[in-house]
Amino acid sequence: MTPNKKIKYIEKIYPELLKNLESCRLCPRNCQANRIKNEKGYCGQNKDLKIYNSFLHFGEEPPISGKRGSGTIFFSGCGLRCVYCQNYQFSQLDNGRVTEEAELVKIMLNLEKKGAQNLNLVTPTHFLPQILKALKTALEKGLKLPIVYNSSGYEKKGIVEKIAPTIDSWLLDFKYLNSKTAEKHSNSPRYPNLIKKIVSYLYNHENGQNRPNRGQIPPIIIRHLILPNHIQESIAILNWINKNSPKIPISMMSQYQPYFKAKHYQPIKRPLNQKEYNQIKQLIEELNLNGWLQEFITQKEMAGVYFKEDKTGLPD
Ligand code: SF4
């Protein structure tokens, strides 16, 4: 969608999205918090947009970071709240700064000025009305960057359908395929059904079957954080993707560390081991999947090794 069309489209959907702040149903928790009256929802957020950080990120997947970095904005709060969250300081401990719309517009435009390849919105779901309003203003002021929606995958299909025309690339976690694991670690037994619906919808309706041309961002990338002692679940997820959405590039992350409440959960109390990593590596090779596998010993940067020849090239 061109910037002008995006502006018009946001004008159309904004009032309905905004209504959620009175009785919030933006994410699958449907907790109906009256955020306008300053009630906090399960995501920990009221009406005030809160940002933890924003910067040019060089550690995302190669087509997202490109050569000049991804203009990444980390929002505080989260509707999923995994016990092992790797970003718990701002997703659950609520670190961050209340940010007015005008400031968010400035952040977006500054990231573009600094040379960002795209605008990478990290965990934006619970702030969608505020973010889209700021995005509309930024577009009116000349923002041209592609928009990346970087999400835990805990999304409602109706909301995804609604905002899809404003999004250029979906960077989605696929965390669980087993509802018991999803319940135990993220208090959401529905997660597997929800993510399957979202991936299938995007794959079939949002250009997800197209491999990008050189320099383009893929319309969808699926990320999966491999959990220790849960290799069978990772294997099931890879097989599901291979069967149902084989053209989507996959980003396999091996960087898991037992952060936050993970120390209370015996099976996920440790990092991944070499044997588990090798099992996943072998399956990826067998299935001949597209994407990236994070190196085994790399804790700081998501600088994956491409496991099939990267024909897309890095965006200039
Ligand atoms: S976005 Fe937050 S307030 Fe809204 S339904 Fe989800 S958890 Fe509740």
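Asn38 lies in the loop between helix H1 (3-19) and strand S1 (50-57). Helices (H or I, at least four residues) and strands (E, at least two) are DSSP runs, numbered from the N terminus. The structure is a predicted model: local features need pLDDT of at least 70, side-chain atom pairs count only at pLDDT 80 or more, and totals for chains, interfaces and linings use all residues. Residues are numbered from 1 along each chain as its sequence is written.

Asn38 is not a glycine, yet its phi is positive, at about 70°. Most residues other than glycine have a negative phi. Asn38 is exposed, because 10 other C-beta atoms lie within 10 Å.

Asn288 has 10 other C-beta atoms within 10 Å, so Asn288 is exposed.

Helix H10 contains Ile280. Ile280 has 19 C-beta neighbours inside 10 Å and therefore counts as partly exposed. Not counting residues up to four places away in sequence, Ile280 touches Ile226, Ile231, Ser234 and Met252. Two residues are in contact if their C-beta atoms, placed from the backbone, lie within 7 Å. Ile280 and Leu109 are 171 residues apart along the chain, and their C-alpha atoms are separated by 40 Å.

Gln216 and Ile64 are 152 residues apart along the chain, with 9.1 Å between their C-alpha atoms. Gln216 is found in the loop between helix H8 (191-205) and strand S7 (220-225). Gln216 counts as partly exposed because it has 16 C-beta neighbours inside 10 Å.

Strand S4 (residues 119-122) was examined next. Leu119 and Leu121 point one way from S4, Asn120 and Val122 point the other way, and all are buried. In a regular strand the side chains alternate between the two faces of the sheet. S4 pairs with strand S2 (residues 70-75) in the parallel sense, over four bridges. Two strands pair if DSSP finds at least two bridges between them. Phe74 stands opposite Val122 in S4. S4 also runs parallel to strand S5 (residues 147-151), joined by four bridges. Asn120 stands opposite Val148 in S5. From S4 the chain crosses through helix H5 (residues 128-140) to S5, and this β-α-β crossover is right-handed. A crossover is right-handed if, with the strands pointing away from the viewer, the path from the first strand over the helix to the second runs clockwise.

Around the ligand there are 13 residues, of which Cys24, Cys27, Cys31, Gly41 and Cys43 come nearest. A residue is near a molecule if its C-beta atom, placed from the backbone, lies within 6 Å of it. The shell has seven nonpolar, four polar and two charged residues. Ala, Val, Leu, Ile, Met, Phe, Trp, Tyr, Cys and Pro count as nonpolar, Asp, Glu, Lys and Arg as charged, and the others, Gly among them, as polar.

The secondary structure of the whole chain comes to 10 helices and 10 strands. Of its 316 residues, 47% count as buried. The C-alpha trace spans about 50 × 45 × 35 Å along its principal axes. Among contacts between residues at least 6 apart in sequence, 69% join residues at least 24 apart.

Definitions and conventions: Buried ≥ 20, exposed ≤ 12 C-beta atoms within 10 Å, placed from the backbone.
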